[in-house]
Amino acid sequence: MSQSLVCPETVSRVSSVLNRNSRQFGKKHLFDQDEETCWNSDQGPSQWVTLEFPKRVHITQLQVQFQGGFSSRHSYLEGSQSGNTLRKIVDFYPEDTNALQISCLAWGHTFSLPTVEVDRVKLTFEDTTDFFGRVVIYHLRVLGEKAV
C-alpha cells in the first residue's frame, strides 16, 4: 500500500523562494497539507525541488497542485541511488490549473510514472506559464513504499 515518502528525515531543497521570504513562501509549505500555504519560487528560467530520502524508496505516485497561471508546461523527474548522478525518469506536461494532478502506473491519470527505486529525486519545472518564470505549488506528495 502506498504511503507518503516524505518524512521529518527527508531533506528538501528548492531553487528559490519569492523575495527570500521562507516564512511565508518556503519549501515547508509543499508538505504541510494546508490549503492556505504554498511554495512560491522567485523568477527564473527553471525552478526545481529536490528530495533526499533517509532510505531507498519505491516511488509509485506523484501528486502536484499548482496555482493556475503559475505552473509549468514541461516538467521532468530525475532520480538516483547512493549518491550517483541523477538520471531522467519521466517527462510530464502539467495542466495550467488549480486541480491536484496525479501520476501513477495506470493510464487515465494526468501523467504516467514508472515505478522507480531511489534515495534522491529532483523535479524540474521548465517553460512556466508565468511570464517571469515563477512557480507556485500548494501540495507536493510523493507516494510509494520504503525499499526493503
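Start with the surface. The protein chain has an accessible surface of about 7800 Å², and 48% of that belongs to carbon and sulfur atoms. Those areas come from the Shrake-Rupley method with a 1.4 Å probe, and for residues only the protein chains shown count as cover.

Some housekeeping. This is a predicted model, where local features need pLDDT of at least 70 and side-chain atom pairs count only at pLDDT 80 or more, while totals for chains, interfaces and linings use all residues. Residues are numbered from 1 along each chain as its sequence is written, and side-chain values use heavy atoms, leaving out hydrogens and water.

Now the fold. The protein chain has one helix and ten strands. Helices (H or I, at least four residues) and strands (E, at least two) are DSSP runs, numbered from the N terminus. The order is β-β-α-β-β-β-β-β-β-β-β from the N terminus on. The radius of gyration is 14 Å, close to the 15 Å from the globule rule for 148 residues, so the protein chain is as compact as a globular protein of that length. That radius is taken over C-alpha atoms, and the rule is 2.2 Å times the number of residues to the power 0.38. Along its principal axes, the C-alpha trace spans about 40 × 35 × 30 Å.

How much of the protein chain is buried? Of its 148 residues, 48% count as buried. Buried means under 20% relative accessible area, exposed over 50%, and partly exposed in between, with a 1.4 Å probe and protein chains only. Next, contacts, meaning heavy atoms within 4.5 Å. Among contacts with a separation of 6 or more, 75% join residues 24 or more positions apart.

On to the aromatics. The structure holds two aromatic pairs. Rings of Phe, Tyr and Trp (its six-membered ring) pair if their centres lie within 6.5 Å; planes under 30 degrees apart are stacked, over 60 edge-to-face, and the rest tilted. Take phenylalanine 66 and phenylalanine 125: ring centres 5.7 Å apart, planes at 90°, so the pair is edge-to-face. Phenylalanine 66 lies in strand 4 (residues 46–66) and phenylalanine 125 in strand 9 (residues 116–128), so the pair ties together parts 59 residues apart in sequence. Both phenylalanine 66 and phenylalanine 125 are buried.

The other pair is phenylalanine 131 with phenylalanine 132. Their ring centres are 5.2 Å apart and their planes at 85°, so this pair is edge-to-face. Is phenylalanine 131 buried or exposed? Exposed, because its relative accessibility is 75%. Phenylalanine 132 is partly exposed, at 43%.

Back to strand 4, where threonine 50 is found. Threonine 50 is buried, with a relative accessible area of 12%. Leaving aside residues up to four places away in sequence, threonine 50 touches Val11, Ser12, Arg13, Val121 and Lys122.

Tyrosine 76 sits in strand 5 (residues 72–80). Tyrosine 76 is buried too, at 15%. Beyond residues up to four places away in sequence, tyrosine 76 touches several residues, among them Lys88, Phe92, Lys122 and Glu126. From tyrosine 76 to serine 46 is 30 residues in sequence and 11 Å in space, C-alpha to C-alpha.

Last, a loop residue. Asparagine 19 lies between strand 2 (11–14) and helix 1 (22–25). Asparagine 19 counts as exposed, at 61% relative accessibility. Its C-alpha is 27 Å from that of tyrosine 93, 74 residues away in sequence.
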